[in-house]
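Hello,

Here is the structure we talked about passing on. Please look through it first; my notes follow below.

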Amino acid sequence: MKKTQEKLFCLIGNPVSHSLSPVMHRAAFEAIHFHACYHAFLVSDLAGAIKGIRSLGISGVSVTIPFKEAVIPYLDNIDENVRRIGAANTILNQEGQLVGFNTDSQGFMRALRRVENPKGKKVIVLGAGGAARAIVYALVTQGAQVTILNRTREKGEKLAQEFSCSFASWEQKDTIEGDMIVNTTPVGMYPHTDETPVDASHLSRFNLVVDIIYHPVETKLIRLAHHAGLKTLSGVDMFIYQGAEQFRLWTGLEPPIEVMHQAVMEALKDEA
Ligand SMILES: NC(=O)c1ccc[n+]([C@@H]2O[C@H](COP(=O)([O-])OP(=O)(O)OC[C@H]3O[C@@H](n4cnc5c(N)ncnc54)[C@H](OP(=O)(O)O)[C@@H]3O)[C@@H](O)[C@H]2O)c1
């Protein structure tokens, strides 16, 4: 039987060693017998990496820290989400034209909608980095009233201004009230698993606590909220849904979500 040409997909970032994107996408390709491979590349020269993607004919790329914003000028086209958010986490190679997409915002909304409709809710967002941009965009688009708190004031103020939402100083995280709080900082991420951006005594002012960190699956923040009897959402679902949207863009096929979920959970269990 004649085999189809193997398609190439990859991740570019720095660091990439702890990313679960290779595990997740390889499992998805295998599950639907899609003839493709996926590799993680540790990149220090972004311009060179993009040249490589073009010349090697790589079909699709996941983009992670620190290139989500920096990659945009190297692309031939970007979709409306990327233009609004100012960051791209996905590249699709359309017959030599590199097109940028952002699936983080869709991934976050799809995960959030399983537990809450943010319309009209007062949402506190901790952090103003690349992930926060996608999340604030998603929340504002869905009609939430967002307040951003960030350690570096200027960056938080700038993001708040761009999306016409409120800003409060980082120190107010222990007094500010809202329906829901979303941690988009890496505080509590492996290996610093004993850290939390907000202590237990300050969590009862919220109904829902969201942490977009997925390693570990249950961060200290989520554990404290859970013990306080609050609704919680970890970053695993967002991670899988953003990956599922990448898969859909690259293959045009329905992503095998269950398989992707299982592969990620297995990998996280092995690393715990
Ligand atoms: N679940 C998912 O699918 C998903 C997707 C994307 C990202 N993530 C996770 O989200 C986190 C952030 O990623 P990112 O791409 O947004 O990173 P980033 O662009 O580097 O932004 C990090 C943000 O966190 C703040 N921050 C960093 N360390 C802090 C500390 N010790 N105390 C207080 N604030 C701190 C930074 O504040 P300053 O402005 O003061 O530096 C900045 O606002 C990572 O843990 C990443 O794994 C998850």
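α4 passes α8 in a right-handed crossing (a crossing is left-handed if the near helix is turned anticlockwise from the far one by less than a right angle, and right-handed if clockwise). Helices (H or I, at least four residues) and strands (E, at least two) are DSSP runs, numbered from the N terminus.

This is a predicted model, in which local features need pLDDT of at least 70 and side-chain atom pairs count only at pLDDT 80 or more, while totals for chains, interfaces and linings use all residues. Residues are numbered from 1 along each chain as its sequence is written, and side-chain values use heavy atoms, with hydrogens and water left out.

Back to the helix pair. The angle between α4 and α8 is about 130 degrees, and their axes are 7 Å apart (axes are lines fitted to C-alpha atoms, for helices over the stretch in contact, and angles run from 0 to 180 degrees between N-to-C directions). α4 is therefore oblique to α8 (under 35 degrees counts as roughly parallel, over 145 as roughly antiparallel, 65 to 115 as roughly perpendicular and the rest as oblique). Among the residues making the contact are Phe 108 and Arg 110 of α4, and Tyr 241 and Arg 248 of α8; contact means heavy atoms within 4.5 Å.

On domains, the assignment gives domain 1 (7–102 + 237–271) and domain 2 (106–234); the bounds come from an automatic or database domain assignment. Their C-alpha centres lie 25 Å apart. Each side supplies residues to the contact: 19 residues from domain 1 and 19 residues from domain 2.

The largest nonpolar core has 33 residues, and Phe 108, Leu 112 and Leu 139 have the most contacts inside it. A nonpolar core is a set of buried Ala, Val, Leu, Ile, Met, Phe, Trp, Tyr and Cys residues joined through side-chain atoms within 4.5 Å; buried means under 20% relative accessible area, exposed over 50%, partly exposed in between (1.4 Å probe, protein chains only). α5 gives the largest share of this core, 8 residues. At least three residues come from each of domain 1 and domain 2. A second, separate core of 23 residues includes Leu 20, Phe 34, Leu 92 and Val 99.

Last, helix α1 (residues 21–31). Its buried residues include Met 24, His 25 and Phe 29, and what covers the buried residues of α1 includes β1, β2, β3, α8 and α9. After α1 comes His 33, with a positive phi near 55 degrees.

Regards
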